[in-house]
Amino acid sequence: MSATQTKRRLLIIDDDKFLCDLVAQFFRGEAVDVLTAHRGADGVHIASKTLVDVVLLDQKLPDVQGVDVCPALLKHNDQTKIIFITAYPSFENALEAIKQGAYDYLSKPFELEELKLTVERALKTLTLEHVEQIHAYRSSKESEEAILLGKESGLAEVWRMVGIAADSDVPVLITGKTGVGKNIVARCIHYNGPLGKRPFITVNCAAIPEQLIEGELFGHEKGAFTGAVAVRKGLFEMAESGTLFLDEIGALPFTLQSKLLGALDERKVRRLGGETARSVNVRIIAATNEEVEKAVAGGTFREDLYYRLNVFRIHIPPLKDRLQDVPELCRHFVRQIAPDSRISIPESELACLRGYQWPGNVRELKNVIERSIILRSGDTIRPSALLMQPLAAAPPENPIPIEDDDIVSLEEIEKNYIRRALSALSWNHTRTAKKLGVSRSTLNRKIKAYRIEKP
Ligand SMILES: Nc1ncnc2c1ncn2[C@@H]1O[C@H](COP(=O)(O)OP(=O)(O)OP(=O)(O)O)[C@@H](O)[C@H]1O
Ligand SMILES: [Mg+2]
């Protein structure tokens, strides 16, 4: 079966059984299978067992807040499109949901037609992403983004290893907790070496349904299976003379692990339904945030493949073990997110941030900076107010309080911020939505609601 022919799966997590039934009935007969859960934990359980494309997630669930299950849902499939449903629409709720990775949000009560449109949009995005993921070579922008901060302090050793790896073509295994920078290190190895101008193809082994991975990696001949109407090159062939980055390698199904090992050993791939094996010349970089040695000991990851990939190992330490990098990262993200601003972070704030444990590592730091930029008033940001866990040490100084007269509504802040973002990006909606971390449709809705017009 081809990706486009697979029935899409929609999961509704809502304690309102009536609503769940209504939505299930509404989509019956469409090209969508509907699954339902009434508690957050049950929803996450379903997502861990089945590949879910779209989740309708209620904000208030009996066991958790909807927003808190976003990371767990995305952990199982980071391409899942989460549509957040809230009966209490507020900027804060919506912002929080979007920051946690939600794709869009709907306010209750909603029309079923509105829901249908939102789901269709999410599915369309998914298809486009899939096509892009498989066919697009990384743009030159990507190489510009392969800038590793901390290479002179907390990541000095990692950077040294990146240099060695870039000059050779042995397989590299990158390990480290979520958000430490594994993807960025993989890109640095590629773009800093002789293959820099060649393709860099990423495949997220956890994001592609098990039954499709083999076809994606190795390609297929016409007629190899129902739906294989044309020949398709696999990612190995597409990465020819470049790098194939196998992200989340720990999620590769056991049966495919031996096939991958065969391809690496022989430097040849055979398309599904193909008679002959074709030679490929591809550099392999793999990454995992799981403890791969445990997976080997537990029998879920092949030992021979582990040894094949572990030729050169780069382990990225968590941010809490290199807190000296925090100020540099903060300044960089401010410049990256708001390049034309005069935003500054007070020293006292940087000291607070250096006292935090950063369970979500650099990704969490980036998110906190981004949110504090959106929510700031004036040119000073106070990210420490947004940290999820209590600070290990008391902040050295009390944050400077805002004067009563300075307080403006969050809506006002959002409206102004969107206007400024649009203006900074020449009123390009696609780029602005991307920078703001919301979908284009969400941005368009807000532009309409706030009556923002191009001067
Ligand atoms: N040293 C760094 N310098 C600059 N940016 C960084 C650095 N480390 C991480 N980032 C940024 O933080 C975010 C998360 O990094 P990345 O996606 O590489 O993490 P990861 O280890 O692959 O996470 P996951 O295991 O969840 O896939 C990205 O936006 C990345 O650009
Ligand atoms: Mg990653």
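Strands here are DSSP runs of E with at least two residues, helices are runs of H or I with at least four, and both are numbered from the N terminus.

Some ground rules. This is a predicted model, where local features need pLDDT of at least 70, side-chain atom pairs count only at pLDDT 80 or more, and totals for chains, interfaces and linings use all residues. Residues are numbered from 1 along each chain as its sequence is written, chains are lettered from A and ligands numbered from 1 in the order in which they are written, and side-chain values use heavy atoms, with hydrogens and water left out.

Now the overview. The protein chain has 19 helices and 14 strands. Of its 455 residues, 49% count as buried. Buried means under 20% relative accessible area, exposed means over 50%, and partly exposed lies in between, with a 1.4 Å probe and protein chains only. Take contacts between residues at least 6 apart in sequence: 73% of them join residues at least 24 apart. A contact is heavy atoms within 4.5 Å.

Back to the sheet. What is the strand order? The sheet is open, has five strands, and reads E7-E10-E13-E6-E14, with parallel pairing. Strands E7 (200-204) and E14 (312-315) are the edges; each has a single partner strand, so one side of each has no neighbour in the sheet. From one strand to the next, the twist averages 20°. Two strands pair if DSSP finds at least two bridges between them.

E10 (residues 243-247) pairs with E13 (residues 283-288) in the parallel sense, over four bridges.

Is E13 enclosed or open? Six of its six residues are buried, so E13 is largely enclosed by the rest of the structure. Both faces are covered. Arg283, Ile285 and Ala287 are buried on one side, and Ile284, Ala286 and Thr288 on the other.

H7 (residues 156-166) lies across E6 (172-175), E13 and E14, and runs at about 150° to E14. Axes are lines fitted to C-alpha atoms, for helices over the stretch in contact, and angles run from 0 to 180 degrees between N-to-C directions.

Next, helix H1, residues 17-27. Leu19, Cys20, Val23, Ala24 and Phe27 are buried. They span an arc of only 130° around the axis, which puts them on the same side of H1. That arc is taken from the directions from the helix axis to the C-beta atoms. As a reminder, an α-helix has 3.6 residues a turn, so residues three or four places apart point the same way. On the other side of H1, Lys17, Phe18 and Gln25 are exposed.

Now the ends of H1. Aspartate 16 caps the N-terminal end, with a side-chain oxygen 3.1 Å from the backbone nitrogen of phenylalanine 18. Just after H1, glycine 29 has a positive phi of about 90°.

On to H9, residues 210-218. Leu212, Ile213, Gly215, Glu216, Leu217 and Phe218 are buried in H9. Histidine 220 sits in strand E8 (residues 219-220). Histidine 220 counts as buried, at 9% relative accessibility. Beyond its neighbours within four places in sequence, histidine 220 has contacts that include Phe225, Val231, Arg271 and Leu272.

Then the ligand. Which residues come nearest to ligand 1? Of the 18 residues around ligand 1, they are Leu149, Thr178, Gly179, Lys182 and Asn183. A residue is near a molecule if one of its heavy atoms lies within 4 Å of it. A backbone N or O atom of leucine 149 is 2.9 Å from a nitrogen atom of ligand 1. A polar backbone atom of glycine 179 lies 2.8 Å from an oxygen atom of the ligand. A polar side-chain atom of lysine 366 is 3.0 Å from a ligand oxygen atom.

Last stop, aspartate 321. Aspartate 321 lies in the loop between E14 and helix H14 (326-337). Its relative accessible area is 51%, so aspartate 321 is exposed.

Notes
Polar contact = N/O pair within 3.5 Å; in protein donor to acceptor, adjacent residues only side chain to side chain.
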